[in-house]
Amino acid sequence: MSLFNRLLIIAVLLPAWLSAQVNISGKVTDGKKRPVAGANISIKDSYDGAVTKADGSFSFQVTPAGEQTLIATMAGYQPLEMKINTAESQQLDIVLKNAARELKVVTIAAGSFEASDEKKNTVLKPLDIVTTAGAGADIVNAIKTLPGTQQTNDREGLFVRGGTGYETQTVIDGMLVRNPFSSGVPDMPGRGRFSPFLFKGTTFSSGGYSAQYGQGLSSALILESTDLPARSSASAGVSVIGVNGGVETLSKDKRTSYGVEADYTNLAPYFNVVKPKQEVNLGPEIIGTSANFRRKTSKTGMLKFYGYANWSNMGFDYKSLEYPGSTESYQVRNHNIYTNMTYRENLGSGWKLYAGASFSTNTDKIKTDTLPKNPAETNIGVRSDLTQTKLMLTKGLGNFSALRVGAEYQYAVERSAFNQYNLNYVDNYAAGFAEADVYFTPAFAGRFGGRTEYSSVLGKLNFAPRASLAYKVGYNGQFTLAYGDYYQKPEPQYIRFDRGLDYMKATHYIASYQLLSNFYTFRTEVFYKQYKNLVKTVPDYNNNGDGFAKGIEVFWRDRKTVKNMDYWVSYSYLDTKRDYLNYPYRVQPDFAANHTASFVAKYFVTKIQTNFGLTYSFASGRPYYNPNQPVSKFMSDKTINYNSVGASVSYLTSIRKAFTIFVVQVSNVFNQQQVFGYRYSSDGLRRNEIVPNVPRFIFVGMFMNFGTDRRQDIINNL
Amino acid sequence: MKRFLLSLVVMAGISSATMAQSAQYEQTMAKNIGELDSTATFTPDALLQKAGLFERIGGAEKSQWQPYYYAAYCNVMSALMQKDKSKVDGLADQAEADLTKAEQLNGNASEIACIKSLIATARLTVDPMNRGEQYGMISAKALEEGKQLNAENPRVYLLQGQALLYTPEAFGGSKTGGKALLEVALQKYAAFKPAGKLDPNWGEGYAKQLLQQASK
């Protein structure tokens, strides 16, 4: 063969010869030796490579070209580059490190159930609240299916971990709500004032919460209002108890929205059909109105205003326990205004600003009378006004760490009149707080902070340190420890009589473990809470009360095992004793049950667009005061266990272009007897059971929502 | 003469090696895009293998948007076909990352909008009750955007038609409206000429199939 021919062969075959292949194979695992499926393995600047299989293995052919760079990438992991020799076959073990992305970063959430952004720790979303059977679309009633809460359906408020309803604070967009519940009558507690649809996020914290929040010994219900609506719309609703309607307008540039809403509730027609245990003598009727304004002031700035005004009248007659044969009349007229304005903006270089202002006023006029007896009726008037401002600066440090500092000021005027006697006071309350979220690693973080408060009416300063640690285990699990001191002013009805009172104090110790994935939530918590300086009313007003609460709680939610079914189970064990008010010594208080459990299930049948809901709640018997017992047996009697089954059916459809829901809800379906306690006559000879005024409530309603912007029709279609 | 011939042959050999890259690009892309239509490829797992390949091509080529576009397409189609809904968000994230790269390389914005719509639809399927309103709207808006950018893009009408067909009538879905849109899509497909032979041109067969099903 001539040289020419040889060269010819080499030249023509050169590319093919270079193309002789070697095999690159191996396995990709994560830091914990678990296989990583779906990782993309490639030779830099070439098409060669493969995607790993379920067992993490991969294998591909490559043209030998000496030293090459191999790249392994996978969403959620840090990309890896390594030099390999492609002259010969390779068997590689590749370990990918987790990328510290927000989704995988540990969250500091001891004691709290967050229900905000859907990718985060969602427990209860607005629709979850509305479709919880037996909750009657009330935020607090839905939260009563979570662990840590008591089934105290004879009085207003959330009773959390051995705490009273007063010890839970409600916060909307960072601003305190002084009267979150409408005024009820004895044995018929008022509902929460605010609709669940106002809020994009509901965080229920049963302890160990941030230094941002004060004046709550037990718990914080933190509500985050919705941002700009997606479209202009109108809504209307009609039910057996009333009507409501509203409009919301989104500006053309989609940066501003405003809306108004009104509702009218009148229970009288319902009570004409289904007689309550007590006889109606006023209303019950409620008029509510609200207005909102939201403006996106820049890419990152948001201004929000929310205003609410409400009038209610209700009154009942019931048989007098004190004077057999007589009738007791109780009437309450309530007027409430709540306004809230907040502004958030990024100031650049990691700084964020939050500013808020709020004014609220609440007036209750209560009239009680024993008929047909003299003396004359008793008139009680209570009015509380609260003006508050809050400023907070947040500075982001590094990837996840942050520092928060802020201050709060509240001006409260508390007026009360008992017939012709007035007892008024004014309080100037100022607080400052600082808190740092420190990420030692993305999986291990701590929150350290403190809060200091001064109240002019008490004339005292306090300092409350708070700390928590969170450690992530595996992809979905985390351990959390939390500690904190919490102070709260005594209730206004005690401060009125004695300005010398001090703050009440609770110290929380919490340890929790939770496992969170998109479809499952498991959580268990143990806690110990110490109470000091509780208000006592005997022998005179003092702060010598104290107590403790300890317990264990379990929560499980599963949205996957049964298709189209979502259910959750919670169980709480509580051991608590306290010495407060007129208690002779530490006993289990009358609002606390040792065992509480709830089961909530929702099943959606796609074919008929119908959601079926079932809720079962249980609580063991609660202590009650029996004056016929000796002091040594104070509060030793217990009521029967509490059982309640609620059911609901919601049918979703559209009428014309309006999204429409038909709802039928029945509370206490089986009419089980519920006794919350007993009330005794002062001689101890007669007693009444404290029972729900309406043992079983049947709610039927229809709600519509429709777009009001013609341009949006195409979107409405989807 | 011999020398001349020799140099010619050598040059041919060398140029075939250097030319290989762009020829290889066109060939590999054409072959793999073609395979996307086969039923063997159109399974959740096989699509992920393809997505990985398209990502590798994109990484090697650096200046071409099409590989990332197809990577996003494969990832989102796989997401839509997943039985295990817990995998959907991760795949949607990956599709979004690919699509961002295609966008940065100035890919066809109308086509990219269609994929955005599909990504939102995939996220919606994870939890229709809670996510329906938000992602339904994002999905619809993306298609509107796609239409504004290119009213002749048949995939816009295909996806709008499909959405109408699969939305329950109670929520504004409509068989007749969906069918009408699919017919528009087919007209647009008949007239549609992709700007380059590697540019998106999928969906005509699917549109016919959907229309057939809807007409039953």
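Which strand of chain A does A:Asn643 lie in? In this predicted model, where local features need pLDDT of at least 70, side-chain atom pairs count only at pLDDT 80 or more and totals for chains, interfaces and linings use all residues, it is β35, residues 642-655. Residues are numbered from 1 along each chain as its sequence is written, while chains are lettered from A and ligands numbered from 1 in the order in which they are written. Strands are DSSP runs of E, at least two residues long, numbered from the N terminus.

A:Asn643 counts as partly exposed because 15 other C-beta atoms lie within 10 Å (buried means 20 or more, exposed 12 or fewer, partly exposed in between, with C-beta atoms placed from the backbone). Beyond neighbours within four places in sequence, A:Asn643 is in contact with A:Phe618 and A:Gln672 (contact: C-beta atoms, placed from the backbone, within 7 Å).

Chain A also has an open sheet of 3 strands, ordered β4-β1-β7 with mixed pairing (a pair needs at least two DSSP bridges). At its edges sit β4 (57-62) and β7 (90-96), each pairing on one side only. Strand β1 (residues 22-30) runs antiparallel to β4(A) over 6 bridges, and A:Val22 has A:Val62 as its bridge partner there.

As for nonpolar cores (buried Ala, Val, Leu, Ile, Met, Phe, Trp, Tyr and Cys residues joined through C-beta atoms within 7 Å), the largest has 64 residues, with B:Ala72, B:Cys74, B:Val76 and B:Ile115 touching the most other members. Apart from that one lies another core of 39 residues, including A:Val171 and A:Phe194.

Technical notes:
Helices (H or I, at least four residues) and strands (E, at least two) are DSSP runs, numbered from the N terminus. Two residues are in contact if their C-beta atoms, placed from the backbone, lie within 7 Å.
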